[in-house]
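Visitor: I have a protein model open and want to learn how to read it. Please take me through it feature by feature.

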Amino acid sequence: GAPRSNRNAVNPPPSTSTQETTTSPLEQHMWTSTRLTSRFILGGALKADEPSLPAPRNGRTKLARHQPQVREGRTYTRRAKKNSQEQLLRVHPHLSGAHTPALVPSASSSDPTTHRRKARIGILGAGSVGKKLAKMLHSQGYPVVIGARNLEDKPDLLEFCKTLGVKAAPVKEAAQFAEIIALATTWEGTEDALHTADDHTLHGKILIDATNPFRLGPNGIEMTSEKDDSGGEQVQRWAPHSKVVKAFNTVGVDMFDRPGALDSTRPATMFVAGDDSGAKDTVMDILREFGWEPFDCGSLRNSRHLESMAMLWIDYSIRTGEKLFCFGVDFFPATE
């Protein structure tokens, strides 16, 4: 990809006025951006032992600088006048100039109209992905339960939960506890975990699918899903009455809590796919709390593309040994 030094080369010139500019972020963005270009961002300068960056305050990303007011729900300060503007607002709501905090921010405020309690989250899977998600969510005030099988045989997990201050429980109990479920199992254990959780228990709940349908074959990592299928779609068939949202599957676990570490000017992109727009909005709000810039990839069918992207990530990581990198989306001016 292009060197990071060129990352902001297309930004509009700063205002020379001493007064605060009245140009909205969307207008500034549209001044330079009319088409979407995907690019690869490497974080080679980031050391493995470098501490994680703190999450943005109040669940806002670094780009959400213009905030005339905060109201419950998704609010825009102006109506988009062109289809291209409407598309940008759907993909990057922070460009509206009035991006709100996460769907369920901390209940520390005395104003019940703008703050609600955090949703209860059950994490199915106790590996590195499940533990990292538990740390991240707990740090933002979410009540978390990690669901796993045979807890009596997992003293390390019990110690981890005790130290962190979260609870470990059987899979079914974690699913019953949760309002939002994060699926962090190995692919081989995914179907069993969902059947154990029970579709009746999962009914109507948001199911964040962080899995990839991969296995280790004779030629290395390979896909297990069929050509016209995806792991995300398979998860939806295994839990037909849940609201599956694909997320957290296109980067390695070491990058989960470091979206801003690669570039000081903007967070990296987290790709999201799902059929329920409300569920996607909720998941994207959670992602913003951790500093990610969510990118709505459309329907759950597009999980097959995100899983191929994950395969590319794994292949590059194996060939180079690099683990601290991710994919991003930039806007560039259209050519004549």
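This is a predicted model: local features need pLDDT of at least 70, side-chain atom pairs count only at pLDDT 80 or more; totals for chains, interfaces and linings use all residues.

Visitor: How many helices and strands does the protein have?

Guide: The protein has 10 helices and 12 strands. Both are DSSP runs numbered from the N terminus: helices are H or I with at least four residues, strands are E with at least two.

Visitor: What share of the residues is buried?

Guide: Buried means under 20% relative accessible area, exposed means over 50%, and partly exposed lies in between (1.4 Å probe, protein chains only). Here 49% of the 336 residues are buried. The protein exposes about 16,700 Å², and carbon and sulfur atoms supply 51% of that area. Accessible areas come from the Shrake-Rupley method with a 1.4 Å probe; for residues, only the protein chains shown count as cover.

Visitor: How do α3 and α4 lie relative to each other?

Guide: Two packed helices are described by the angle between their axes and the distance between the axes. The axes of α3 (residues 128–139) and α4 (residues 155–164) come within 11 Å and cross at roughly 10 degrees. So α3 and α4 are roughly parallel. On the α3 side, K131, A134, K135 and H138 make the contact; on the α4 side, L157, F160 and L164 do. Axes are lines fitted to C-alpha atoms, for helices over the stretch in contact, and angles run from 0 to 180 degrees between N-to-C directions. Under 35 degrees counts as roughly parallel, over 145 as roughly antiparallel, 65 to 115 as roughly perpendicular, and the rest as oblique.

Visitor: How many salt bridges are there?

Guide: Side chains of opposite charge can pair when their charged atoms come close. The cut-off is a side-chain nitrogen of Lys or Arg within 4 Å of a carboxyl oxygen of Asp or Glu. The structure holds 14 salt bridges. One of them joins K118 and E289 at 2.6 Å, N to O. K118 is in the loop between α2 (83–91) and β2 (121–124) and E289 is in helix α9 (residues 277–289), so the pair ties together parts 171 residues apart in sequence. Both K118 and E289 are buried.

Visitor: What does K246 pair with?

Guide: K246 forms a salt bridge with E307, with the closest N and O atoms 2.8 Å apart. K246 lies in strand β9 (residues 243–246) and E307 in helix α10 (residues 303–320), 61 residues apart. K246 and E307 are buried.

Visitor: Which residues form a nonpolar patch on the surface?

Guide: L216, I221 and I318 do, with about 330 Å² of accessible area together. Patch residues have over 30% relative accessible area and no salt bridge; like charges are joined within 9 Å, nonpolar side chains (Val, Leu, Ile, Met, Phe, Trp, Tyr) within 5 Å. I221 lies in strand β8 (residues 220–223). At 33% relative accessible area, I221 is partly exposed.

Definitions and conventions. Residues are numbered from 1 along each chain as its sequence is written. Side-chain values use heavy atoms; hydrogens and water are left out. Contact means heavy atoms within 4.5 Å.
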